[in-house]
Amino acid sequence: MLATLIRLLGDFERAEEALHDAFLAAIQQWPIEGVPASPRTWLVSTGRFFAIDAMRRRARHDASLATLADALERQAAANREGHEDPAIEDDRLRRIFTCCHPALPVDARMALTLREVCGLTTEEIARAFFASASTIAQRIVRAKAKIRDARIPYQVPQHAELSERLEAVLHVVYLMFNEGYSTTAGVQLTRADLSGEAIRLGRLIVELLPDPEAIGLLALMLLHESRRSARTSETGDLVLLDEQDRRLWDRALIAEGTRLAQRALASRRFGPYTLQGAIAAVHAEADTSDETDWAQIVGIYDVLIRSDPSPVFELNRAVAVAMWKGAAEGLVRIEAILARGDLAAYHWAHASRADLCRRLGRRDEARASYTRALVLVKQEPERRFLERRLEELGTSES
Amino acid sequence: MKYLCLICDEEKTINDMSKAETDAFMGEYFTFTSDIQASGHYEAGEALQPVATATTVRIRNGKMSTTDGPFAETKEQLGGFYLIKAKDLNEAIQIASRIPSARCGSIEVRPVVDFGQSQ
């Protein structure tokens, strides 16, 4: 086995570490899930998976490792097409469905998936969630106890349940991405690690189960990821979409994301992730905010809201309407949403109202809404952004 | 493995039904019960009298106290149960989702401890 791994990974130490990790995984999994049909193949494949994974994580500090990981992954993919045991692919998919089972608490699903599917250590997961290692360890232990005691099966759901269960899996990936992309609390604006893991998971799911919504979610994540470096200023402050330097957008990610969004749309069996991906793709094709096809964006939001009613989508639609038909048109819509009380505690709803009031010269109202948003905001860079806007408005109406 | 499906719904929902609606609803229950009997998943099942008939018993410091009503006041009340046999949680969830009250109330699915196996 070690020889096979050395051949596959081209490095003795790496192979040894990989085999070690694979044995550890086997000790944990086999007693619970049973010994796989072909243990040797399982160990080799799991080891290779961990090794590529580890390289990807280290690649943040060393670009050559990223190239190597890519090459190894391509090679692994080629092998799969050839003669690799399909049971291993099933195994990975089963693990995803078990870790993302809707009977588990949602934060445990994320932790368990990062641990069991992505191969992160408890310490790494704890850092990603700003939690202590013991909190995460306990979350994972409890989830595993429920898997055992309630007998959550280690299986890919049958066809009748598949779409509903896949939705739960995609939801976990989406939350993971968002947690990394727009941190809900704390000092940092983005946490690339979690988003990176979510994208990697998204790729894996698309590879194993190319469902249109899985493809749509991957498109959405890649297109948002493409803006990462433009989203934060050098001082760590938030830069909104219309003020971003679009030359910083990652063209390769945009090309891939757009291609995937088109592929998902062409299936005609798409859902909310694909539609959000399509909206991100429309933004991506414009060189400036003014050149954006706002009419098309509003149109996609209409379809999205019809299939998946959500006040947040309505808010985003209202902002797009403001860009398309003028601030006053958008403001009417935002005020209607706020009047319903749905988003009363959502800081961006108040910040959006403030922004439109500001553009319409209604400074007192703008000030009041920015102040309201500041009470509700939890994340430091967003707070600084709102404070900056409030300062720019001056202290009182002339 | 056995799972207890606790049927929780608002008594008001049932009380507000017309005679025809109640009959149709009960009919669905009879169909469901005979279906899971036929498929071998059924172990037991009962419907409970309204929560107004409940009495809660406790012994504290060696002294028994009885109070009227359920042990917890909640919007949805325990109205009945099924004890089912299923191969895993997925199958139990599928069966529970077919209980007619799943559409208007909630079904809590709880695995039953197998003392024979844990020793």
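User: What separates B:Lys19 and B:Asp23 in helix α2 of chain B?

Analyst: In this predicted model, B:Lys19 forms a salt bridge with B:Asp23, with 2.8 Å between the closest N and O atoms (a side-chain nitrogen of Lys or Arg within 4 Å of a carboxyl oxygen of Asp or Glu). B:Lys19 has a relative accessible area of 62% and is therefore exposed, whereas B:Asp23, at 42%, counts as partly exposed (buried is under 20%, exposed over 50% and partly exposed in between, with a 1.4 Å probe and protein chains only). Both belong to helix α2, residues 19–38 of chain B (helices are DSSP runs of H or I with at least four residues and strands runs of E with at least two, numbered from the N terminus). Because they are four residues apart in that helix, the distance between them along it is about one helical turn.

User: How are residues and chains labelled, and what is left out of the side-chain values?

Analyst: Residues are numbered from 1 along each chain as its sequence is written, while chains are lettered from A and ligands numbered from 1 in the order in which they are written. As this is a predicted model, local features need pLDDT of at least 70 and side-chain atom pairs count only at pLDDT 80 or more, although totals for chains, interfaces and linings use all residues, and side-chain values use heavy atoms, leaving out hydrogens and water.

User: Which residues do the salt bridges that share partners join into one network?

Analyst: Over all chains, the count comes to 32 salt bridges. In chain B, B:Asp16 and B:Lys12 are joined by one at 2.9 Å, N to O, and each of B:Asp16 and B:Lys12 is exposed. Another links B:Glu108 with B:Arg110, again with the closest N and O atoms 2.9 Å apart, and here B:Glu108 is partly exposed at 36% relative accessibility, as is B:Arg110 with a relative accessible area of 46%. The network joined by shared partners consists of A:Glu243, A:Asp355, A:Arg358, A:Arg359, A:Arg389 and A:Glu392.

User: Which three residues supply 53% of the area that chain A buries against chain B?

Analyst: Ten residues of chain A are in contact with ten residues of chain B (contact means heavy atoms within 4.5 Å). The area buried between the two chains is about 880 Å², with 49% of it given by carbon and sulfur atoms (the accessible area, 1.4 Å probe, that two parts lose on being put together, summed over both). More of chain A's share comes from these three than from any other three residues, namely A:Ala150, A:Arg151 and A:Glu161.

User: How many residue pairs are in polar contact across the interface of chain A and chain B?

Analyst: Between chain A and chain B the count of salt bridges is zero. Polar contacts are a separate category (N or O atoms within 3.5 Å; within protein, one must be able to donate a hydrogen and the other to accept it, and residues adjacent in sequence count only if both atoms are side-chain atoms). With both residues at pLDDT 80 or more, the number of residue pairs in polar contact across this interface is five.

User: Which residues is B:Asn90 in contact with, leaving aside its neighbours within four places in sequence?

Analyst: B:Asn90 lies in helix α3, residues 89–96 of chain B. With a relative accessible area of 3%, B:Asn90 is buried. Leaving aside its neighbours within four places in sequence, B:Asn90 is in contact with A:His101, A:Pro153, A:Gln155, A:Glu161 and A:Arg165.

User: With which side chain does the side chain of A:Ser369 make a polar contact?

Analyst: A:Ser369 is placed in helix α19, residues 363–376 of chain A, and counts as buried at 5% relative accessibility. Leaving aside neighbours within four places in sequence, its contacts are A:His350, A:Arg353 and A:Ala354. The polar contact of its side chain, at 2.8 Å, is with the side chain of A:Arg353.

User: Why is the pair of A:Tyr174 and A:Tyr273 called tilted?

Analyst: The structure holds six aromatic pairs over all chains (rings of Phe, Tyr and Trp, its six-membered ring, pair if their centres lie within 6.5 Å; planes under 30 degrees apart are stacked, over 60 edge-to-face and the rest tilted). The ring centres of A:Tyr174 and A:Tyr273 are 5.2 Å apart, and the pair is tilted because their planes stand at 55 degrees.
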